[in-house]
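Hi,

Here is the structure I promised to pass on.

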Amino acid sequence: MIYVMLGGPATGKGTRSEILSEKFKIPHISTGEILRVAAEKNNAIKQKLSNGELITDDVINELLYIRLSKEDCKNGFVLDGYPRKLDQALALEAMMRKLNMIITEVIELVVSTEIAFQRILGRRECPSCGKSFGVDFPSMNGDYCDECKTKLVKRSDDTEETLKRRIDTYQKLSKPILNYYRKKGILRTIDSSNHPEKVLGVI
Ligand code: AMP
């Protein structure tokens with residue numbers, strides 16, 4: 001099973017990907033997470049992430065190919081945060097050919113801008129294990145991570161101004177990607193305003 005999750009910021013890609021990953025016992029691969037780890041050793045990436053700018057294709061394509069080549073992806077994966085533009089959709093197609101893999105389905109999650117803002121402003125993340133908590137999915141330990149008990153923090157790119165820029169970027173760049181997958185007949189669009197478990201029922 002290879003799922004590609006599309007959707008603007010705060011449409012719930014991370015949470016929904018995690019649910020699919022657990023259901024099908026396949027890894028959840030988030031390019032945002034791969035880049036946040038890479039940013040710890042690379043200031044240029046760190047700067048771009050803080051500004052909400054896209055990382056260049058050569059960098060992300062290489063990091064993603066390395067990740068998808070790993071043994072745990074052999075039975076499939078849920079890809080979250082990639083492709084973000086048509087060139088990346090074409091690069092993913094090339095990676096799939098090289099790895100002898102076929103995308104099962106592309107799922108586009110949609111929410112209103114109002115809900116996206118509410119979710120972003122309520123979102124916090126564990127700096128140690130990367131688990132994300134929000135209005136739909138609060139931590140049972142208040143300000144601390146459910147998994148590893150580390151104090152939760154806000155992501156540096158979760159600000160109102162950065163969010164506006166990320167929504168604009170998504171709307172501008174996603175149309176050709178959606179058309180590309182629609183033509184291939186593998187695109188499904190899902191209203192993601194509901195609680196994740198209800199969305200899971202739809203998936
Ligand atoms: P996300 O966790 O998916 O919201 O991604 C956080 C940030 O990582 C984005 O705002 C971009 O700066 C960067 N990023 C994630 N995925 C990609 C990608 N496919 N191409 C370029 N930059 C990306």
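Below is what turned up, from the whole chain down to single residues.

Before anything else, this is a predicted model: local features need pLDDT of at least 70, side-chain atom pairs count only at pLDDT 80 or more, and totals for chains, interfaces and linings use all residues. Residues are numbered from 1 along each chain as its sequence is written, and side-chain values use heavy atoms, with hydrogens and water left out.

**The chain as a whole**

The secondary structure amounts to 8 helices and 7 strands (DSSP runs, H or I of at least four residues for helices and E of at least two for strands, numbered from the N terminus). For 203 residues, a compact globule would have a radius of gyration near 17 Å, and the chain agrees with its 16 Å (taken over C-alpha atoms; the rule is 2.2 Å times the number of residues to the power 0.38). The C-alpha trace spans about 45 × 40 × 35 Å along its principal axes.

Of the 203 residues, 44% count as buried; that means under 20% relative accessible area, with exposed over 50% and partly exposed in between (1.4 Å probe, protein chains only). If you take contacts (heavy atoms within 4.5 Å) between residues at least 6 apart in sequence, 70% of them join residues at least 24 apart.

**Salt bridges**

How many salt bridges does a search of the whole structure find? There are 9, each one a side-chain nitrogen of Lys or Arg within 4 Å of a carboxyl oxygen of Asp or Glu.

Start with Arg 36, whose side chain meets that of Glu 33 at 3.4 Å, N to O. Both sit in helix H2 (residues 31-39), 3 residues apart, or about one turn of the helix. Arg 36 is partly exposed at 23% relative accessible area, and Glu 33 is partly exposed at 28%.

Arg 36 also forms a salt bridge with Glu 125 (3.9 Å, N to O). Glu 125 belongs to strand S5 (residues 124-125) and Arg 36 to helix H2, so this pair ties together parts that are 89 residues apart in sequence. Glu 125 is buried, at 11% relative accessibility. Through shared partners, Glu 33, Arg 36 and Glu 125 join into one network.

Another salt bridge pairs Asp 72 with Arg 67 at 2.8 Å, N to O; Asp 72 is partly exposed at 39%.

Most residues other than glycine have a negative phi, and most peptide bonds are trans. Here are some spots to check against that.

- Tyr 82 and Pro 83 are joined by a cis peptide bond, with omega about 5°. Pro 83 is in the loop between strand S3 (77-80) and helix H5 (86-99).
- Ala 10 is not a glycine, yet its phi is positive, about 60°. You'll find Ala 10 in the loop between strand S1 (2-6) and helix H1 (13-24), buried at 9% relative accessibility.
- Lys 25 has a positive phi too, near 55°. Lys 25 lies in the loop between H1 and strand S2 (28-30) and is exposed at 72%.

Is Thr 162 buried or exposed? Thr 162 is buried, with a relative accessible area of 7%, and its place is in helix H7 (residues 160-184). Leaving aside neighbours within four places in sequence, Thr 162 is in contact with Ser 50, Asn 51, Gly 52 and Asp 157.

Cheers
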